[in-house]
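Please open the structure in your viewer and keep the sequence beside it.

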Amino acid sequence: MDGRADSFQRLMADFLRQSAKGLDHLLRVPGILGRELSAEIGETPHEIVYTEDRIRLKHYKPPGGRKIATPLLVVYALINRETMLDLQPDRSVIQGLLQGGADVYMIDWGRPTRKDRFLTIDDHVNGYMDRVVEFIRRRENTNQVNLIGICMGGTFCVMYAALHPQKVRNLVTSVSPIHFDTDKGLLHLWMKDMDIDGLIDAWGNIPGDFLNFGFLLLNPARLVIEKYKNFIDNIENISFVENFVRMEKWIFDSPDVPAETFRQYVKDCYQQNLLIRNRMYLNDRRVDLRRVTMPVLNFYGRYDHLVPPEACAPLIEKIGSRDAQNVCLDTGHIGIYVSSKVQKDFAPRIARWLTERDQGEKSTAGRKRPPRKGKAPSPAG
Amino acid sequence: MNKPIHEKPQARKKKPQHTGADDSLPGMMKELEALWQRFYLEQKETFERAVASGADACCYDDPCAEVWDRWQNFVRDEMLHGFLVTPVGPLRQYHLKLNRFVEAFAGWEAACQAFITLMTQSMTQSLADLQEKIRERLSAGRPVDDLFPQWVRLFEDRSLTLFRSTEFMAAMHKALKAKTALAKAQEELMEDVLKAAHIPTLSEMDDVSRDVYLLKKRVETLEKAMKDRHGRTR
C-alpha cells in the first residue's frame, strides 16, 4: 500500500509539475508568435520564364555552373504547393539539385478557381506539362528533359513518360502512387467507396480545406495533438519555432483541386486501379506503362502512411525500362523533404544518378538511350 | 323589434379534421408554447441525468448517444413536422427549396453528430486504456511516467483501428453525403437570391466556363493541326 501511495504521489507531483511547465510555455506563445520571425519559404532565387493560365514555370540556375546538360523539370502534386521542395536554405531539395549541377525548372500549378473545374488529367499531362516540356526543349535547344515527379506529380510524370517517351531522358519519381488497390494506406481504404460524383456535383473543385481536414484525420494523435504539444514545449527555441512556422505555412497552403481532375484520379486510380493495369485513358490515349523505357529511379518512404510502399514499389515491375531502381527510405511521406538526415543524401543521389545517365545530350543529332543495365533491387537509402 | 346591433354569430362551419394545427393565431401561439414546454422539459431531464452520473462517469462507453437520440427524435417529431408542410401558392417552388434546405440541414446535423460521436470514441477509449495502465502500475508500485507519450500511442492505436472499421467508413461517407446534400440545397436557395438581385449565379458562371474551356480545346486542336500541316519547327 505504501508503494502504491508513493507511486500515486509521485504521479500527481509529476503531473502538476508538467502542467505548470506546459501552462508557462503556453502563456509565452503569443509573445513568441507576435514577434518578427524569419520563416519565409521558397527563397531560392529563380525567374518565371513561362506562364499559361494559372500555371507558372520557375527556372533556377545552378550557381556553380551546369554539370548536367539535360535540363530537369520538377513536377509537384496538385495537392499542397511546390514550395515544400524549397522550404529553407538548409532543407531544400531544389538547392541540393542545383548544387549537383542541374539546371532546374519547376512547375507552379497555381491556385485553381471555379473556372478550372473542367480541366482533366489529360489537360494537365498532355496540355500544360507537354507545352512546358516543349518550351524547355526550344529554350534549351535539346531533344529531351529529365523529369522528377513528387507524389501525384510523379503519377502525372509516369503518365507523361508513357505517352511521350521520346521527350524524357530520365525519370525520377518520389512517393508517387501507381498501384492503388492496397489496404495498407488509410487513404486508399477511404477512397474506395467515396461518392466522388456527389462531392464534385455539390462543390465543384475539391476545397483545399477539405483535403487538409482529411489528411489531419489520418492520424490526429500525431498530426494534431503531439505536434502542437511539441511546439509548445519548444516555444523558447526560436529556430524550432521558425522551422515549425515554415512547415505550417506549407502544410495549410492547400489550393483547391480541379473537379474533373480529382474525379478521374479517384475513379480511375483509387477505385478502379486502372493505371497499373495499363487501362487508364487520357482523352482516348491509353497509358501503357510498358512504354516507359527510359531509366527510372523510384523513391518511397518505408513509414509513409499516405502513399505506402505497396502503392509505389510495383512501378518498377510494370514499366518497360531495363534500368530501373526502387529506393526505400526510412522515413514518412514528407520526411524525404524535411528530414535533415534524408536531405543530405536525397538530392545529391538524384544528381549523381542523372549525371551518370546524361551523356552530354544537347544537340539535335538524335535520341540516344543510356546503356542498358539489369533491374537491380537497391538497398535502403 | 329591431335586431340587436350585435347579431347572434352564425354557427361556424366545421373545419375538416386534421391532426396538428389550429390555424388561428391564438391556436398557433398555444402550439408554440407546447413546443417550448416540451423542449424545456427535454433539456431539463437531460441535464438532470447528466449531473446525476456517478464517479464511474469517466469510464463510460457511450455517453452522448442517448442525449443525441432524444434530440434527434425531438427535431424529427416536433421541429421538422412544423417546418415541412406541403407548399401551395405562387411561391411554392421557393418554399419547396426552403423545405429541402431544412431537411438537408437536419440530415447533416444528425450525420455529423453521429460521425463526431464515433470519432471521439477512440479518444475516450484511449483515456480508459491509460487509466488501466496507471492502475496496473500503481498496484505494482512501479513509477508512472511519460504519461503523455503513452496516451498518444494508445490514442493512435485506437484511432487507426477505428478508422479502418466499416462502421466508421459508413458514418464518414454518410456525413459526406449529407454535407453535399446540404451544399446543393444551399446553392439552390442562393441561386434564387442571386437571380433576384440580377447577379450571375454559379450555374451560369459554370456554363460560361464550360463554353470557354471547350472553345480553348478547339483552338488548341486547330493550332496543332495547322502546325502538323506546315511541319514541326523541331
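Select Gly141(B), which comes directly after H3(B) and has a positive phi, near 70°; helices (H or I, at least four residues) and strands (E, at least two) are DSSP runs, numbered from the N terminus. This is a predicted model, in which local features need pLDDT of at least 70 and side-chain atom pairs count only at pLDDT 80 or more, while totals for chains, interfaces and linings use all residues. Residues are numbered from 1 along each chain as its sequence is written, chains are lettered from A and ligands numbered from 1 in the order in which they are written, and side-chain values use heavy atoms, with hydrogens and water left out.

Now select the whole of helix H3 of chain B, residues 92-140, whose 49 residues reach 72 Å from the first C-alpha to the last, close to the 72 Å expected at 1.5 Å a residue (the expected span being 1.5 Å times one less than the number of residues). Along H3(B), stop at Gln121(B), on which a kink of about 25° is centred, the bend at a residue being the angle between axes fitted to the seven residues ending there and the seven starting there.

Next, show both chains together: 46 residues of chain A are in contact (heavy atoms within 4.5 Å) with 41 residues of chain B. The area buried between chain A and chain B is about 3700 Å², with carbon and sulfur atoms giving 63% of it; buried area is the accessible area (1.4 Å probe) that two parts lose on being put together, summed over both. In chain A, select Leu11(A), Phe118(A) and Trp190(A), which lose the most area to chain B and together make up 16% of what that side buries.

Between chain A and chain B there are 8 salt bridges, each a side-chain nitrogen of Lys or Arg within 4 Å of a carboxyl oxygen of Asp or Glu. To view a salt bridge, pick Arg114(A) and Asp206(B), whose closest N and O atoms are 2.6 Å apart.

Staying in chain A, select Arg131(A) and Glu52(A), whose side chains meet in a salt bridge at 2.8 Å, N to O. Arg131(A) lies in helix H3 of chain A and Glu52(A) in strand E1 (residues 47-52), so the pair ties together parts that are 79 residues apart in sequence.

For the last stop, select Arg290(A), found in the loop between strand E10 (285-287) and strand E11 (296-301) of chain A. Not counting residues up to four places away in sequence, Arg290(A) touches Asn278(A), Lys318(A), Ile319(A) and Gly320(A).
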